[in-house]
Amino acid sequence: MMTRLAPVSESAKTAPQNTVATTPGNGVPDGQTPRLLVLDGHSMAFRAFYAMPADKFVTDSGQYTNAVHGFTAMLLTMIRQQKPTHVVVAFDLDTPTFRSLEYTEYKGGRNKTPEEFYGQIDLIIKVMAAMRIPTISVDGFEADDIIATLSTQGEAAGWDVLVVSGDRDAFQLITDKVSVLYPKKGISDIPPMDAAAVEAKYFVPPNRYSDLAALVGETADNLPGVPGVGPKTAAKWINQYGGLEGILENLDAIGGKVGESLRAHVDDVKRNRHLNHLLRDMDLPVALEDMELQAPDREAVEELFDSLQFNTLRKRLFDLFGAEEEPDAGETHQVPAHRVVVEASELQHWLAADGVDGVTADSAVAVDVISEPVGLAREATAVALVRNDSAVVVDLRTADAELESTLAAWLMSEAPKVVHEYKEALKALSMRGLWLAGVQDDTSLSGYLIQPDRRSYELNELSQVHLKISFDNGAAEPSGQLELGLEEDTSLAEAVQRGYVALLLSEHFGPLLEERGAAVLLRDMELPLAAVLAQMELTGIAVSQDRLATLLADFTAAMNAAQQAAFAAIGHEVNLGSPKQLQEVLFEELGLPKTKKIKTGYTTDAASLKTLLEKTGHEFLAQLMAHREASKLKQMVETLKKSLADDGRIHTTYAQNVAATGRLSSNNPNLQNIPVRSEEGRRVRDIFVVSEGYECLLAADYSQIEMRIMAHLSGDAGLIQAYAEGEDLHRYVGSHVFGVAPEEVTSAMRSKVKAMSYGLAYGLTSFGLSKQLEISVDEARTLVKDYFDRFGGVRDYLRGVVEQARIDGFTSTIEGRRRYLPDLSSADRQLRELAERVALNSPIQGSAADIIKHAMLGVAAELKDKDFKSRMLLQVHDELILEVWPGELEAVKALVVEQMGAAADLLVPLDVQLGLGASWNEAGH
């Protein structure tokens, strides 16, 4: 149940159109006939699977979700259109049924289930559980029998029943109270079939449909019918003799070849009739009244849809169930009274009301900053300060110097503060020359540390999930006294609401952070890092606009040249961005080997075309791939150009709460997706240059950080020895795996070992290694075996980390950063294996992330403490980019090596490599 901030506006009390009124536990309103919606789970899941392209619905972890998405979307449409009061889903099991035991050919000959479908039924069942919709499966029976029993029970109770199924056997259930929604195309065209519709199509009433199917057979169930007997003939006999029983009693009266065929196959007909007749009296584990439609479990839906990456579908679901109960009196949250302060003395009085300068053990104040765009940045225009019992707002647009100075002093003090999105608040305040210290909680970061796999940490999302408070800007009027023009500026009122909700969230998150061992990470790493990142984002990095323009022109020319060469290869123009036109050229006009079959034909994705090019060497394909690469690079450079601020610098934004492993992500623009090894990537990096007045750029990164972490976590003596002696790790490992002296390890051997060493840490299988290295599976398997024979500590660690995670339910980094993996205990093999791969790499990736964060904090602190003018500009993967002030180079180099080397206490040394140059490319190494 959700509660709202009170009091709410009249518009907020009115449910949006097309929402479903749910009254869990209260039964069906008087006078309304209950309406039961029964779905055939497997039937509709397969419909959804083939209706939605699998390659368009894949999570970051590799799980296909097209059937889950399509099924859930279809169900929401059904609920909105049909307005059922009760909903249930029936599923088949993989175990034999009484039909398959009686007739071993039953449902034989069906196509093998596509690999992409595996695991999706389990996920659909999880979605249903989150929506509080019961699912039923019974060992030895089919979903059809469950549906028939539910239809019979519903009709007996006087209910209306809607059956959703793609199985024509369901037609036999149709009565005045039971209808079947039968899909004609995909999951969008699902018209109702009543008795009249069945009779119009098959010439028999629904209760005789199973007789008809017994005679003509059912291909889907592998039940052969009577040769030569079609639906019209079968229907004529059924109507003439009153059903199958009458036909069997008058076999000799039916003449001609069809009569002979019938008499020759009468046993098949009887078998068909026995097998296609649905059971209606099963003992089911769920009663009708337990199927009442309820509001979904919001927290469960949020968590599950985060992992499935269903953002649009999430909104559809919550919009559909938007009509909620009014909160009970005990659930109403009263936003504190607030006012706009116009004098410094008023603010000082409010700040001192809870102690000296507001500093007491339990008197944290929420700070919410209102800002407006200034170019590509944002500048603070007002600040709301909120305690549990009162609040004030300082409007910076009208505040005099004394008031702003009083506010600035308090913001800079160590008075305990709570804020949502601390880094953004810091940046907006800094645009006015203000700063923010004393922050003990950023609820967007604490929410992330508690649930690192969520897709969103917006304040509204977190408040709905954790507090059951619906909080939308403008959707609810804040309570309390509205003074001094506050009613005329709703943004100020909304800031108070946001601050109050942040306070409630912080109180809620405190025990959860302690329970998960994340409080120290928040206090000592993430919050200080937010301040460092804010300063880096504000500083930005200089860009050579001449080089940028040249690069854009070159990539545009390369793209156009590849396009013209592609046209020349086939003798005409074609839209190289149109999959449909490419399919026609590749597979019809040129007759090239078909790629993977998809809904719209055959795939033209990059991986498939690369394989096709390797097979055929066709010039059109070569130019098409060149065009795509140049187009991608051109688009990247155009994005960089659009991101150029008025100061001639690019100010990327870092997110601390996107990657579940703890790694930072870069966006607006993303500087982490610039190709690392290619010549084009180096040219892109060359546009980032040292600022005027500074000496050079310094690039510092870790050498083989993830393998060093592997050596530390596994404790493998061989790896530790190699690093301790300063060996080339991959050459050292290669000498042991291949049984040769280190100097005899060839570059090919070294490359194989390098790919294997990193791959094993990410769950790479022998098959995956064989594809990556283009060797046989047997050779890959031998490589892995020899590797593990030589480095047993690695083998034992990789086995142990998964088993320990299965026991704990989570993995941990060296610093204790957790990632929860419930699917490690899943009965579904694919889900379980995905979770196992995540369990393998999360401690290593996450520890690398923690180490570079420690390094950034150490470098930033030293630069500040020693009053250097050199500054940190970028963090990309395991690399730091600094801008060095004249005369500080040697000291900064020493400082960086010292702080990066001391960022973690491992069993092996951290090796820091430095590079210098006038551009990022020149400084790279």
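## Glutamine 309

At 25% relative accessibility, glutamine 309 counts as partly exposed, because that label covers values between the buried cut-off of under 20% and the exposed one of over 50%. Keep in mind that this is a predicted model.

Glutamine 309 sits in the loop that links helix 13 (298-308) to helix 14 (311-320). Its backbone is worth a look too: phi is positive, at about 60°, although the residue is not a glycine.

Most residues other than glycine have a negative phi, and most peptide bonds are trans. Lysine 83 is another residue with a positive phi, this one near 50°, and again not a glycine. You'll find lysine 83 in the loop between helix 3 (66-82) and strand 3 (86-90).

Then there's a cis peptide bond, with omega about 0°, joining asparagine 668 and proline 669. Proline 669 belongs to the loop running between strand 23 (665-667) and helix 26 (679-685).

## Helix 24 against helix 25

How do helix 24 and helix 25 pack, in terms of angle and axes? Helix 24 (residues 606-616) meets helix 25 (residues 619-642) at an angle of about 145°, and their axes are 9 Å apart. The crossing of helix 24 past helix 25 is left-handed.

On the helix 24 side, the contact is made by Ala606, Leu609, Lys610, Leu612, Leu613 and Thr616. Helix 25 brings in Leu621, Ala622, Leu624, Met625 and Arg628. Sorted by type, the residues of this contact come out as eight nonpolar, one polar and two charged.

Technical notes
Residues are numbered from 1 along each chain as its sequence is written. This is a predicted model: local features need pLDDT of at least 70, side-chain atom pairs count only at pLDDT 80 or more; totals for chains, interfaces and linings use all residues. Side-chain values use heavy atoms; hydrogens and water are left out. Axes are lines fitted to C-alpha atoms, for helices over the stretch in contact, and angles run from 0 to 180 degrees between N-to-C directions. Helices (H or I, at least four residues) and strands (E, at least two) are DSSP runs, numbered from the N terminus. A crossing is left-handed if the near helix is turned anticlockwise from the far one by less than a right angle, and right-handed if clockwise. Contact means heavy atoms within 4.5 Å. Ala, Val, Leu, Ile, Met, Phe, Trp, Tyr, Cys and Pro count as nonpolar, Asp, Glu, Lys and Arg as charged, and the others, Gly among them, as polar. Buried means under 20% relative accessible area, exposed over 50%, partly exposed in between (1.4 Å probe, protein chains only).
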